[in-house]
Amino acid sequence: MGKETGFLELDRVDRTYADPAERLQHYKEFVIPHTEDGLRSQASRCMNCGIPYCHNGCPVNNIIPDWNHMTYEGDWKEALITLHSTNNFPEFTGRICPAPCEAACTLNITDEPVTIKSIECAIVDKGWENDWIKPQVPEKRTGRSVAVVGSGPAGMACAQQLARAGHSVTVFEKSDRVGGLLRYGIPDFKMGKHLINRRAAQMEAEGVNFRTSTEVGVDISIKTLKENFDAVVLAGGSEDARTLDIPGSEMSGVRLAMEFLTQQNKRNAGDDEQRAAPRGTLTATGKHVIVIGGGDTGSDCVGTSNRQGAASVTQIEIMPKPPEKEDKALTWPNWPLKLRTSSSHEEGVDRDWAILTKRVVGENGKVTGLECVRIEWEGREMKEIEGSEFTLKADLILLAMGFIGPKKSGMLDQAGLEYDARGNVKADTTSYRTSDENVWACGDMRRGQSLVVWAIREGRQCARALDEALMGVSELAR
């Protein structure tokens, strides 16, 4: 390594954020990046471990020590090549990945991991700034065609890899723009959508054809795809949201988080209200908002509600409050369960844990409150605490309780594929082949709701497996 004592000489210093009072006035990204000298200093802290646990911590197995060293040496272009060798879209993961690589970093034993995520983001951003990132057009075409259903991170990664292998690739996307939940589920203040646009442009130059506003199973049948393409890849994500089955949940003020987030992202994209909110405008302006669900989607609802001018925002979670700090002796280098406070939480929210919802209260069909009770957990069993009932004031209740699997109606019902025990499309992680020999599946549609970085990994691996099935051999990386 360039500086073997860097981790001894320098403390961890990560990117900072704009002040909440300022960033709440807009929907743009608000991360304040390091200077180049600061990045090189932080990269010098990498220890060049004998066993780099960060490799296993990263789902795409990024070659982290290598590009840390290249960053320290100022060899940004080589760092970019190394980074792209395992990750098609590091500008996505460098912004929204929770960084399991940092949890696995040896320096995390002392809570001082290398700022891997920030360095990754800086490398690829510098690549775009310097016009180093070009379309990789294949030298020859195979004559084989592949339909990829879904343009989220799994579908995009799979399509790009297959196109670079020389196949003719068409991506079918039911929404009006490419990106899946990257586009409409993640707020612009976490990831600007110009990042997706320029990758889509790169992919089109490489030969990928995008067909938006085309829902497979509705506008075109899965049978038609199988008849017109040599192979079909299902990368439609996990879209069947978990709902709230309690009295009063049918009221109009109880809505799914994805509807709420999608509307705002469409407004930010310049859509008029009729296109952004075909079922009617859904905003938090002036309302007492309750977000049910303590994960990233719930956090995104918090940040969006505050930007819309909510009167108050409360986030509740059925699970108990995690510990402030994990026991490293028990968890490292694995991803730990601990309390995580996002930038949206820092902007203003009341958070509460071990809360069970009982009934939505309303007047004349409008939500006015949410009746709850506190619970205690004994193993996997929960028990209501007697006398702990309370009611939260609410005008809008947003459901961010996760997803139970892929949408079955339409395409999957037509396809007649086997499902696994959790209701996802059944396929292994070697062949990615479904019960239909001409259909493959990857990403959340196969594994269930997960991280963007896992979707990219599965898209890449599925492309490799499919290329090998079509051609007998593949030069694509897994």
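Predicted model: local features only at pLDDT ≥ 70, side-chain atom pairs only at ≥ 80, totals over all residues.
**Stop 1: helix 6.** Start by selecting residues 76-84, which make up helix 6. Colour its buried residues: Trp76, Ala79, Leu80, Thr82, Leu83 and His84. What do these buried residues of helix 6 pack against? Bring up helix 3 (36-43), helix 5 (64-73), helix 7 (90-96), helix 9 (116-129), helix 12 (194-205) and helix 21 (452-471), and you have the partners.

**Stop 2: the second largest pocket.** Which helix gives the most to the lining of the second largest pocket? Helix 6 does, with four residues. To find the middle of the pocket, select Gln161, Arg164, Ala165, Glu475 and Leu476, which lie nearest its centre among the 30 residues that line it. The volume of this pocket comes to about 720 Å³. Colour the lining by class and you will get ten nonpolar, ten polar and ten charged residues.

**Stop 3: proline 406.** Now move to the loop between strand 17 (403-405) and helix 19 (411-415), where proline 406 sits. Is proline 406 buried or exposed? Its relative accessibility is 0%, so proline 406 counts as buried. Show its contacts beyond four places in sequence: Gly237, Ser238, Glu239, Asp240, Leu412, Gly423, Asn424, Val425 and Met445. To finish, draw a C-alpha to C-alpha distance from proline 406 to proline 278: the two are 23 Å apart in space and 128 residues apart in sequence.

Terms used. Residues numbered from 1 in each chain as written. Heavy atoms only, no water. Buried < 20%, exposed > 50% of the residue type's maximum accessible area, 1.4 Å probe, protein only. Helix = DSSP H or I, 4+ residues; strand = E, 2+ residues; numbered from the N terminus. Contact = heavy atoms within 4.5 Å. 1 Å grid on protein atoms, 1.4 Å probe; cavity = no way out; pocket = protein on both sides within 12 Å on 5 of 7 lines; lining within 4 Å. Points joined across faces, edges and corners; volume = space filled by probe spheres on them. Nonpolar A, V, L, I, M, F, W, Y, C, P; charged D, E, K, R; others polar.
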